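Here's a quick briefing on a two-part topic: how the pieces fold, and how they sit against each other. Have the model open while you read.

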Amino acid sequence: MAEFQLRLRRFDPESGEAAHWEQHTVDLEEHHSVLEGILQTKARVDGSIGIRCSCRAAICGSCGVRINGEPGLACNTHLDHAREAAIAAGTDGVIVVEPMGNMPVIKDLIVDMDAVHWKKIQRVTPWLINREPVPEREYIVERESMVDVTQTMACIQCGACVSDCLSMEVDPGFIGPAALAKAYRFVGDPRDDQHFERLDDLADDPQGIYDCTHCFKCVQACPKEVNPMGQIMRLRRLAGSDHEITDPNNGRRHEEAFTSLIRGYGLLHEAELLPRSYGGDSWFGKFHPAAGKELLASLPVVIKGLLRGKVNPKTAAFGHKLPKPALDSVRAIFDKVEGKSHSKRAERYELNLYVTGYDEDEHHASEPSTTTPEQGSDK
Amino acid sequence: MKVAYWPGCVSRGFTPELHGSMAKVAPLLDIELVELDRANCCGAGVIAEHNQELADTLNARTFALAQGVEGAELMMNICSTCQGAQGECQERLDANASYREHVNETLAGEGLTYEKGLTNKNFLWLLVEEIGLDELRGRVKRPLTDLRVGPFYGCYIVRPRHRLGIDAHNPRDHYLEMVIDALGGTVTDYAGARKCCGFPIITMNKEASLAQAGRHLGDALEAEADCLVTPCPLCHLNLDMQQPLAEGLLGRKLGMPVLHLPQLVGLALGCSPSELGLGRHIVKPTSVIDWSAAVVASAA
């Protein structure tokens, strides 16, 4: 047995008092979970501590909380790991447990999942819409066709990704990572009849697939490796490239402008990207009224940038380009991978490591070299 | 040390002071930069969103060019977004031999091959892991005494932790604080250090994008930071270039200078603010320039 310190955030709206912190000592084995620590405190010290839990085995998704500031399942986090993280965070090893973010607190560690998470899930029509004609018995689909959606099916609806979503932090109406991952579960399902309609709806919504800011918070938060942001990017890919859905949020135009500028220059031509994202993917994009309005709004900054020598007028006008032989090689890659034109598009090849796994001799390339910061530091 | 140097696009476009300051700082740290002048844009996650294989192949091309630089110990970048976007492609390329072979077939036209296992480090990682904080501290000519600096990482260089090799032994998500400290500055704690600047959605949801930038700048201001420092030029665009618009949205004056990492390092290594292109920012780094003038005056 070992002793662990838990600092719990308490809040009872009916008391009329502000939220406050309480610290408790628990007596448990190191491999026991943070949830067991909370439950021991509840049993021995204060039965009024609010925590939602059920399976205690990372299956039901009920006990989502923030531990040392990071979202996760209380039942899936070992006390010794949590203490290590607390030491790294500079809290002297006191494990800090608080309710998830982006959702109102009902009591103590319990948040209102109905008000936020489940409403958003409802928003994406989370059921299969039958492809007609409905077969007399089951649908017969290729085995491989379902492998693709298994990753999103692994979601246990714990809300950890919602808790940490940075787009939602400033824009609470954003449909969000959990619900959009759920949307991909049906868009990727061959039995569903409404792929286009679903994508069109999510692309059209200003708080839909193009409101994701690509911050990887949900990827990090998910205890089940659902990779919600990756699913959102797949929804964008399907909407823009396969279904050719042009949205009012400049999502598809931005992606196409970016891609075609790299094909044309090899490097990013920033000054062209903005007007094309608003006005359409051609040199004339900047003369579109939508682009004109944006350019006008950025004019003071552009002038300041030019005056301060931040933006070189030549770079702004003509961009920077790779030398001809290198650019030809870049274009050859585009031709080979994408096909030479829109009509002659090559088949898209995607590798999902969740499905394929790593080669057995895998060596993680991003692993740091042998010099550790400790060696480089005098601390 | 000799490195295959990938400056990225934005450091040569809208933030030329970043590329320029890196060039000034490198010799002071005995880094020899061999610029990958034939390499292409990393795709910033947008090309991967459009077509994953295309992004992987374009970055495999860059990696192959880096591996072709004779005597280079590793590839170095100066952009969080390049680090993350390239790292994501490299993870797939390194994980699967047959996929790598498939991608290499496309590169064969140019006579290039990517071989698994490239080391690609942002300048921040290189500072801490290759040069070392002791060495860096030893080279400081003008410690950043009394300069309060808020770190701003950029999402791509802090998440997901596993892919980026961040753990208890390599706290890469705390390196900025360690570097600020080694340079003699004071780390300012504020909520936004590891949050999103909002840049990826600036053309899609401008208000939400500026609200993110404005919130972090405001938080840093309240924590009494003199400036922010970032290893990401895209964050710099939203935090510096768009700061006047963020101020408009928030209805409050911010005036928070944002420095590129090599600029902050350069100041401590004795470069003048003008050499480092500090005057080129949209938000004039008056506090930083005043600070350096005061330091120079007191030394005289």
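Two strands count as paired if DSSP finds at least two bridges between them. Helices (H or I, at least four residues) and strands (E, at least two) are DSSP runs, numbered from the N terminus. With that in hand, chain B has an open sheet of 4 strands in the order β2-β1-β3-β4, paired in parallel.

This is a predicted model, where local features need pLDDT of at least 70, side-chain atom pairs count only at pLDDT 80 or more, and totals for chains, interfaces and linings use all residues. Residues are numbered from 1 along each chain as its sequence is written, while chains are lettered from A and ligands numbered from 1 in the order in which they are written.

- At the edges sit β2 (32-35) and β4 (120-122) of chain B, each pairing on one side only.
- Direction ignored, neighbouring strands here are turned by 40° against each other on average; axes are lines fitted to C-alpha atoms, for helices over the stretch in contact, and angles run from 0 to 180 degrees between N-to-C directions.
- Strand β1 (residues 2-6) of chain B pairs with β2(B) in the parallel sense over 4 bridges, and K2(B) stands opposite E32(B) in β2(B).
- Helix α4 (residues 80-95) of chain B packs on this sheet, touching β1, β3 (74-77) and β4 of chain B, and its direction makes about 160° with that of β4(B).
- Contact means that the C-beta atoms of two residues, placed from the backbone, lie within 7 Å.
- Helix α6 (residues 123-131) of chain B lies across β3 and β4 of chain B, at about 95° to β4(B).

**The β6-β5-β7-β8 sheet of chain B**
- Chain B also has an open sheet of 4 strands in the order β6-β5-β7-β8, with parallel pairing.
- Its edge strands are β6 (186-187) and β8 (258-260) of chain B, each pairing on one side only.
- Strand β5 (residues 148-151) of chain B runs parallel to β6(B), joined by 2 bridges, with R148(B) opposite T186(B) in β6(B).
- Helix α9 (residues 175-182) of chain B packs on the sheet and touches β5, β6 and β7 (227-230) of chain B, making about 160° with the direction of β5(B).

**Domains of chain B**
- Chain B splits into domain 1 (2-122) and domain 2 (133-299); such bounds come from an automatic or database domain assignment.
- The C-alpha centres of domain 1 and domain 2 of chain B lie 24 Å apart.
- Each side gives 25 residues to the contact between domain 1 and domain 2 of chain B.

**Helix packing in chain A**
- Helix α8 (residues 195-204) and helix α10 (residues 228-242) of chain A pack at about 105°, with axes 10 Å apart.
- That makes α8(A) roughly perpendicular to α10(A), a label for angles of 65 to 115 degrees.
- L199(A), L202(A) and A203(A) of α8(A) meet L235(A), L238(A) and A239(A) of α10(A).

**Where the chains meet**
- 73 residues of chain B are in contact with 80 residues of chain A.
- Helix α3 (residues 52-67) of chain B gives the largest share of the chain B side, 6 residues.

Key: Angles under 35 degrees count as roughly parallel, over 145 as roughly antiparallel, 65 to 115 as roughly perpendicular and the rest as oblique.
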